[in-house]
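Subject: Model for your files

Hello,

Here is the structure I said I would pass on. My notes on it follow below.

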Amino acid sequence: MSQFNYIKDIAKFGLENDQQKLLSVLNELIEYSKKTKKVNFALQLQSILKEAIRHQQTTGLTKVGSDVHFQRIEDKDYNEFIIEKLTSDYSFENLVCEESVKNELNYFIQEHRSSEILNKFELPIANKVLLHGPSGCGKTLASYVIAGELEKMMVVINLGAIVSSKLGETSKNLSKVFKRAASEDLIIFFDEFDSLGKVRDYSQDHGEMKRIVNTILQLFDYLPQSSIVIAATNQVNMIDEALLRRFDMSFKFELPTENRIKELIDLTLKNGRFSFDKPKSVRGIIIESIGLSYYTIQKTLITAIKRSLFDLPKDSHPSTAKINTAIWKELILKEKSSFSLSKSV
Ligand SMILES: Nc1ncnc2c1ncn2[C@@H]1O[C@H](COP(=O)(O)OP(=O)(O)O)[C@@H](O)[C@H]1O
Ligand SMILES: [Mg+2]
């Protein structure tokens, strides 16, 4: 059966209000999409289906005080704590990093791909990962790569909304989001994990931070082996020692060296449409860029490409173009000087 036939059936059963047949054809389409390598589409459909089923179970007449009523309130909170739910097409090719980091990341991914054999020998599967290092060096990107490589749905948790000034509330919120996400076999991504440290400012009670750390440690124990927790932070020194020890793997993302900057440039120009007008001056700019983040270097290069295009004659429609190297150099120098200014204050 082709995709179009599934769509026709979905339209038919949907319009006829035949829930049972609709569900069965949707499930068939999910299986078909997995087989034909449209895994992200399959995951998205699956998620729509799950949501709809859950919604059906929780809507309808609600009796105040019934279990259903409580569940609905919890759903509302849960959604508030999530920034987004996503699937990813990113793979290792999208990430430039030190070979050692890439190897370790690869091992991590392999543990999940080979979970069957590890389970068979009753070996634990690493599923709690910490990503740390300066801003703009690929931590969030690496989480997308993990999601993409493992073809798993990822929820990005809104820690800002979870951290509360009310005593005990942060722990409660964490439990809520964790338990629910863990039951869905997802990747749970806590970006800016150090925001938990804000509790120290909010709370005069010194026990509060300890309570939160204990809650997280307990939740880590509760995590099924197929679920994954990724935490990312720019300020690893803000995170409690006991908590740091409980991550199975920890990856440090560093500012790029000369070779990594070269790789980043190749990656950014990989569609082959842009090349430098003065290739010989590129190395000098790369050296100038050392100290800046991957994000900043890539951003300036893309800006230079755009500005080089503005200089082309109005009605020319070239399929390739030269990057004005001087423009890029100027942008890099500007970033460098604002960087050193911000460091000296
Ligand atoms: N190591 C890297 N390899 C390739 N691109 C990168 C890398 N680090 C950053 N970038 C680029 O900068 C963007 C922002 O990086 P991000 O992963 O959000 O950094 P972080 O989370 O460490 O602050 C990425 O989407 C990507 O375009
Ligand atoms: Mg980030």
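The largest nonpolar core has 63 residues, and Ile-157, Ile-187, Ile-188 and Ile-230 have the most contacts inside it. A nonpolar core here is a set of buried Ala, Val, Leu, Ile, Met, Phe, Trp, Tyr and Cys residues joined through C-beta atoms within 7 Å; buried means 20 or more other C-beta atoms within 10 Å of a residue's own, exposed 12 or fewer, with C-beta atoms placed from the backbone.

This is a predicted model: local features need pLDDT of at least 70, side-chain atom pairs count only at pLDDT 80 or more, and totals for chains, interfaces and linings use all residues. Residues are numbered from 1 along each chain as its sequence is written, while chains are lettered from A and ligands numbered from 1 in the order in which they are written.

Beyond its neighbours within four places in sequence, Ile-187 is in contact (C-beta atoms within 7 Å) with Ile-146, Ala-147, Lys-152, Met-154, Ile-228 and Ile-230.

Strand β2 (residues 128–132) runs parallel to β6 and is joined to it by 4 bridges. In β6, Phe-251 stands opposite Leu-131.

Helix α14 (residues 282–289; helices are DSSP H or I runs of at least four) has Ile-285, Ile-286 and Ser-289 as its buried residues. On the other side of α14, Arg-283 and Ile-287 are exposed. Gly-291, with a positive phi near 110 degrees, follows α14.

Regards

Definitions and conventions: Contact = placed C-beta atoms within 7 Å. Pairing = 2+ DSSP bridges. Helix = DSSP H or I, 4+ residues; strand = E, 2+ residues; numbered from the N terminus.
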